Structure formats: structure tokens, C-alpha cells
Amino acid sequence: MSKRTRTSKIDKWIKEGRGSGIGLEYKPWLNIQDVSSLGRSSRPKGIKTERQYEFLSDLERNYFYLAEYSDFVVDIREQFPLLPLEETIVIADELGIEHPTDPKNGEPIVMTTDFLLTLDKGQGVFEVARTIKMKDELLKERVLEKFEIEREYWQRRNIDWAIVTDEDIPKTLARNISYVHGPYHIKDYDVFQEMNEIHIEELAISLMQRLLNQTNSIRAITNEFDIDTHLPFGSGLTLFYHLIAQKIIQINLLEALNLEQPIKIQSIDENRLKQVKYG
């Protein structure tokens with residue numbers, strides 16, 4: 001293998017802390033401005049870490065919503081670099097595969113895994129690596145070659161690695177979570193910022209009673225709630241989404257959430273409501 005040196009851009013990014021840190025301090029290796037994405041890039045704010053995430057496609061964003069809603073996932077690191085670069089170059093050589101290069105200068109690039117998740121299922125914390133890809137892309141030989149390098153990299157670290165395709169991500173579930181994701185932190189919304197914990201809890205209980213005791217549509221109930229409580233229109237709907245995001249109200253998120261229909265509540269966890277901190 002011929003000796004290769006890292007480009008100044010790679011050294012610069014490493015010095016900037018890209019690909020390092022955990023939780024709020026983590027910095028992804030790639031930002032959306034660094035890559036031309038095939039889908040709509042997005043930068044949602046996280047719930048688990050409260051930092052801005054960098055996603056290069058709709059598929060990555062949808063998988064993120066599933067990870068955010070999972071009780072087992074404690075940290076999400078996207079665009080995670082396979083460093084050091086020299087290791088993936090060696091792996092590619094050993095496998096007889098051409099290492100990915102920058103089309104502009106032909107220099108080897110730092111490969112990334114879409115997600116490195118930290119999980120806690122009650123028996124200790126561990127990590128898994130997940131690559132997100134459209135199923136049709138798996139028919140391409142070059143794509144599979146790159147995955148072989150990635151698979152070997154994680155295998156050497158005894159970290160479970162797997163490919164997640166669009167068929168593995170329920171679109172309706174991801175869409176529903178996207179609706180309720182923002183209101184998880186209800187204090188981010190102006191009307192609730194000055195309210196104390198007791199006031200928000202009382203409003204939540206009042207709204208849940210209406211949802212349980214009426215057969216009107218969700219929109220009709222939340223609009224009436226806004227009128228009766230003298231809150232700006234949309235406040236009741238925001239609170240409704242908040243209660244779902246916090247898993248205080250349990251509904252079937254695999255079914256499309258239709259505001260023009262009555263809500264089908266599976267259960268209400270008032271103990272969870274008391275655990276939410278609104279301070």
C-alpha cells in the first residue's frame with residue numbers, strides 16, 4: 001500500500017472537533033452544506049440532547065424520529081466518521097476494494113456511518129451503528145463494496161452494524177412523530193413560557209378530560225378548548241401534541257393522525273404528567 005497523507009481539510013475538521021463528543025457536545029462529521037443530498041436536507045432540534053441535527057435525506061430524518069421516540073435510545077450521533085482514515089484505507093486494501101475518494105482531487109475521503117446510537121435496555125449501555133439506504137440502492141455493486149468496508153470497521157470494534165432501508169421505516173409512524181416532536185418541550189412556545197408548572201398541568205388535565213368525554217374531532221375539541229381557556233388559537237393543539245410526545249396520552253401512532261376525526265386514546269398516564277418538569 002502506498003503511503004497517503006490526510007488532506008488539510010480533514011485535519012482542519014478534526015481540530016474543529018467534528019465527529020467527537022457525546023450528547024449536546026457532539027459535532028457531526030458532515031453538515032448539510034458540505035454535501036449535495038439526494039433528498040431534502042433538514043436540521044431538526046433534538047429532544048434527547050437538545051442540539052441541532054444534520055440530516056442529508058428524508059430517510060435519515062425519518063429514522064431519527066423513530067430513534068428519538070424510543071425509550072431505549074439515550075444518545076444519537078449522526079454522520080459519524082470512520083476514523084482514523086488510515087484504518088479504512090487498510091481495510092479497503094485488505095478486501096481488494098477501492099476506497100472512496102474525493103471526485104475533485106482523487107484523495108481518499110473519511111467515510112461515515114449515518115447513525116451511531118447509544119442504547120440502554122436496563123442491562124447496561126451499549127452502542128449500535130446503523131446505515132440508512134433506499135432498498136433499490138442495495139442493487140448497486142459499488143454501494144455494497146463501501147458497506148463491506150463499513151461493516152468490517154465496526155466489526156473490529158465489536159459494535160453491531162446493520163443496514164436500515166426505507167422498507168424498515170414505517171412512514172406513517174415517522175410522520176406522526178414529526179408532528180408531535182416540536183411540542184415535546186412546550187415551554188419553547190410563547191404562550192406557555194410564562195406559565196408555571198401547576199397551570200400547565202391543570203390545562204393538560206382539562207384537555208385530556210375533554211378528549212376522553214367528547215366524540216368531536218380533535219380539531220373541534222382543541223379549538224373549543226382555546227376559546228374556553230382564552231388561549232391563542234392553536235394552543236390546545238400544541239398541548240395535545242405535547243401530551244403525545246411525552247407519552248402521557250397513548251395512541252396508535254401507526255395509524256395516520258387525522259385532526260378531523262375523533263381521537264382513539266389507548267391509555268393516559270397521569271403519573272408521567274407529574275414527572276414532566278415545566279420549570
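A residue counts as buried here when its relative accessible area is under 20%. The model on screen is predicted.

**Whole protein.** Start with everything selected. The C-alpha trace spans about 75 × 40 × 35 Å along its principal axes. Colour by secondary structure to bring up 10 helices and six strands. Of the 279 residues, 46% are buried. The exposed surface comes to about 15,000 Å², with 48% of it supplied by carbon and sulfur atoms. Among contacts between residues at least 6 apart in sequence, 61% join residues at least 24 apart.

**Helix α2.** Next, select residues 58-69, which form helix α2. Its end C-alpha atoms are 17 Å apart, which agrees with the 16 Å that 12 residues should span at 1.5 Å a residue. Which residues of α2 are buried? They are D58, L59, E60, R61, N62, Y63, F64, Y65, A67, E68 and Y69. Because 11 of its 12 residues are buried, α2 is largely enclosed by the rest of the structure.

**Helices α3 and α4.** Now select residues 85-95 for α3 and 141-155 for α4. The two axes come within 10 Å and cross at roughly 115°; the crossing is right-handed. Show side chains for E87, T88, I91, A92 and L95 on α3, and for E148, I149, E152 and Y153 on α4: these residues make the contact. By class, the contact has five nonpolar, one polar and three charged residues.

Technical notes:
Residues numbered from 1 in each chain as written. Predicted model: local features only at pLDDT ≥ 70, side-chain atom pairs only at ≥ 80, totals over all residues. Heavy atoms only, no water. Axes fitted to C-alpha atoms, helices over the stretch in contact; angles between N-to-C directions. Helix = DSSP H or I, 4+ residues; strand = E, 2+ residues; numbered from the N terminus. Left-handed = near helix turned anticlockwise from the far one by under 90°. Contact = heavy atoms within 4.5 Å. Nonpolar A, V, L, I, M, F, W, Y, C, P; charged D, E, K, R; others polar. Expected span 1.5 Å × (residues − 1). Buried < 20%, exposed > 50% of the residue type's maximum accessible area, 1.4 Å probe, protein only. Areas by Shrake-Rupley, 256 points an atom, 1.4 Å probe, with all protein chains shown as cover.
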